[in-house]
Amino acid sequence: MKFTVSQSSLMKALTVVSKGMGGNSTLPVLSGVYLRAAEGTLELQTNNLSISIRHLVPANVEEEGAAVVSGKVLTNIVKTLPDAAITVEDEDRMVKISCVKSTFLLNTLKTSDWPEFPEIEPERTIELPSELLGRMVDKVYRVTSKETTRQYLQGIQLTVEDNTIRMVATDTIRLAVCDSSAEAAAGEPFCAVIGGQVFHDVLAMPSMTDTISIGTAEKQAVFSFGTTTFVTRLLEGNFPSWRQLVSSTCSTAVTLDVAEFSAALKRVSVIAQQNASIRFDVDADGGLMRLSARSPEQGESSETIACEVEGQSLAIGFNYHFVFDCVNAVSDAETVRLELQGATQPGIFKSNGKVNYLYLLMPIRL
């Protein structure tokens, strides 16, 4: 094997496949990167038993061949090299890396131990705008659960039907739903629960293109874009039926200016570092909402903001960390609507736009 590729191309390729490198695996070969040079193309693969990533880059291939080297070591080497041509070649069961005046010899791992890349024939496939999908993931990603016993709660449910893309995530304390229209969503209905971290990692890859293809088959999902293929398993389990949790009516509705609400929440929460509860007092007669926090160690804080109120006055408490997640998700909107049923019922934040957003949050007892 002998090929030459630019430092920038190789560094970008290693960044793309880095999420698939194994960590403390019982199979040392999975901590490596599989390199295969053939027909003017360098193929890189990583596999950690949960996800498999393949990425192709153009290269000047003088001798075809394959090798597996430590992914961490190779990345650290390439990162320090100048943006110049890098030559990689076999040399006595090692790989020689040359760039300008620098030379490295790396031990190799057995290519025969490398798992075959999963070739999936998707039963269902959709093609979606990656920019829109990324915006939607950002709005629901923080709501995925960190609990390991119910892995399906670590996922995001993606459904595509009737030209509507919808993403749903919940950790049982809160629920986030966002939807948007897209012509690319037309076709047969599509539904899959895929890890929230997977969505986040895929859409953040430097090789991302304007559109992304998502397919499912045999309990696996495959993302395809440009010359990158990312395969992961679907999360199993009964994802919550979220529609029955969202009431169509409310006793109080508050329309808030997002920027003003965010600033007030940030100031009041300074006192709520030990106790994350913030009290929301809605004054229907005065068209006001008072935010307040109390801490035996720190003291008290409060701020009143003007708002549009429909219905009756009431008071309710929320964890301010969770409210901030909602505020950050709607930061691109001017206003957000808060719908309330009572002090012990969930509050529902809503924002409409290119991407419609709903955020249900369980209250804290005052």
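**Exercise 1. Work out which residues of helix 1 meet which residues of helix 2, and how the pair is arranged.**

Start with the contacts (heavy atoms within 4.5 Å): from helix 1, Gln 7, Leu 10, Met 11 and Leu 14 touch Leu 74, Thr 75, Val 78 and Lys 79 of helix 2. Sorted by class, that makes five nonpolar, two polar and one charged residues. Here Ala, Val, Leu, Ile, Met, Phe, Trp, Tyr, Cys and Pro count as nonpolar, Asp, Glu, Lys and Arg as charged, and the others, Gly among them, as polar.

A quick note on the source: this is a predicted model, where local features need pLDDT of at least 70, side-chain atom pairs need 80 or more, and totals for chains, interfaces and linings use all residues. Residues are numbered from 1 along each chain as its sequence is written, and side-chain values use heavy atoms, leaving out hydrogens and water.

Next, the geometry: helix 1 (residues 7-17) and helix 2 (residues 71-80) pack at about 145°, axes 10 Å apart. Axes are lines fitted to C-alpha atoms over the stretch in contact, with angles from 0 to 180 degrees between N-to-C directions. Helices (H or I, at least four residues) and strands (E, at least two) are DSSP runs, numbered from the N terminus.

**Exercise 2. Is Thr 75 buried or exposed?**

Locate Thr 75 in helix 2. Its relative accessibility is 15%, so Thr 75 is buried (under 20% relative accessible area; exposed is over 50%, partly exposed in between, with a 1.4 Å probe and protein chains only). Beyond neighbours within four places in sequence, Thr 75 contacts Met 11, Leu 14 and Met 21.

**Exercise 3. Find how many residues of strand 23 are buried.**

Count along residues 314-319: six of the six are buried, so strand 23 is largely enclosed by the rest of the structure. Leu 314, Ile 316 and Phe 318 point one way, and Ala 315, Gly 317 and Asn 319 the other.
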